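Here are my notes on the model you sent over. Have the structure open while you go through the points.

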Amino acid sequence: MKKSILITLFILAVSYSNAQNFVELANYEFKTPESYQTEKSKVLMCANYLFDNPANKSELNRLSAIQYIMKWMTGTPDYSFEIGEKSMDLTKGNSDLLGLYMAAMSKVVLENEGTILSNDEIYKQSAALLVTYCANSENHMKPSKKIRKILKNQNG
């Protein structure tokens, strides 16, 4: 009996420790240029989490991940991010889509580290990630008119 209780507690502890919790990351303060460098893996982890999970899952974690990514994006000395007219048309005033688009931009530059990407290439790859995410109805993300148009053209 004691053994089964101990095993159950151990399993619960392991599953709890493996659960992703980004709430603490949202409060992280980047203090030096080096801190932006050392946090790249966590930024990519947050972006992957956002694209790997439905929008209606753990809204606090999603919001915290987006906040963390945005803090990193605004201060990193290694990259500059352009949110231009095309990206605004793509997300059309939807803050959820804009947050995902920003996560996509971070994901693109971090996964292509060492490769110089133009703003246009970053936009294309980020838009493709966002469109793919919205195409999956299980993600519960309402696409903008522009994304619906892209999906319609892709489907013929």
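1. A term to start with: contact, or touching, means heavy atoms within 4.5 Å. With that in hand, take E39, which sits in the loop between α3 and α4. Leaving aside neighbours within four places in sequence, E39 is in contact with Y28, F30 and Y68. E39 counts as buried, because its relative accessibility is 6%; here buried is under 20% relative accessible area, exposed is over 50%, and partly exposed is in between (1.4 Å probe, protein chains only).

2. A word on where this comes from. This is a predicted model, in which local features need pLDDT of at least 70 and side-chain atom pairs count only at pLDDT 80 or more, while totals for chains, interfaces and linings use all residues. Residues are numbered from 1 along each chain as its sequence is written, and side-chain values use heavy atoms, with hydrogens and water left out.

3. Now the overall layout. The protein chain has nine helices and zero strands, where helices (H or I, at least four residues) and strands (E, at least two) are DSSP runs numbered from the N terminus. Of the 156 residues in the protein chain, 38% are buried. Among contacts with a separation of 6 or more, 66% are between residues 24 or more positions apart.

4. Helix α4 is worth a look. It covers residues 40-52, 13 residues in total, and reaches 18 Å from its first C-alpha to its last, close to the 18 Å expected at 1.5 Å a residue (the expected span being 1.5 Å times one less than the number of residues). Which residues of α4 are buried? They are K40, V43, C46, A47, Y49, L50 and F51. An α-helix has 3.6 residues a turn, so residues three or four places apart point the same way. The cover over the buried residues of α4 includes α2 (23-26), α3 (33-38), α5, α7 and α8 (119-135).

5. Next, the core. A nonpolar core here is a set of buried Ala, Val, Leu, Ile, Met, Phe, Trp, Tyr and Cys residues joined through side-chain atoms within 4.5 Å. The largest one has 41 residues, and L50, I69, W72, L130 and I147 have the most contacts inside it. At least two residues of this core come from each of α4, α5, α7, α8 and α9 (145-155), and α7 gives the largest share, 10 residues. L50 itself touches R62, A65, I66, I69, L100, A103 and Y133, not counting residues up to four places away in sequence.

6. Then the largest pocket, with a volume of about 310 Å³. On a 1 Å grid over the protein atoms alone, a pocket is an open set of points where a 1.4 Å probe fits, with protein on both sides within 12 Å along at least five of seven lines; lining residues have an atom within 4 Å of a point. Grid points are joined across faces, edges and corners, and the volume is the space filled by probe spheres set on the points. There are 14 lining residues, and A55, R62, I66, D96 and M141 are the closest to the pocket centre. Two or more lining residues come from each of α5 (59-75) and α7 (95-111), with α5 supplying the largest share, six.

7. By class, the lining of that pocket has five nonpolar, five polar and four charged residues. For the record, Ala, Val, Leu, Ile, Met, Phe, Trp, Tyr, Cys and Pro count as nonpolar, Asp, Glu, Lys and Arg as charged, and the others, Gly among them, as polar. D96 lies in helix α7 and counts as partly exposed, because its relative accessibility is 48%. D96 and K142 are 46 residues apart in sequence and 9.1 Å apart in space, C-alpha to C-alpha.

8. Also in helix α7 is E111, partly exposed with a relative accessible area of 47%. E111 touches L44 and N48, not counting residues up to four places away in sequence. From E111 to L44 the C-alpha to C-alpha distance is 8.1 Å, and the two are 67 residues apart in sequence.

9. Finally, two backbone spots to check. S58, in the loop between α4 and α5, has phi near 45°, a positive value in a residue other than glycine. H140, in the loop between α8 and α9, has phi near 55°, again positive in a residue other than glycine.
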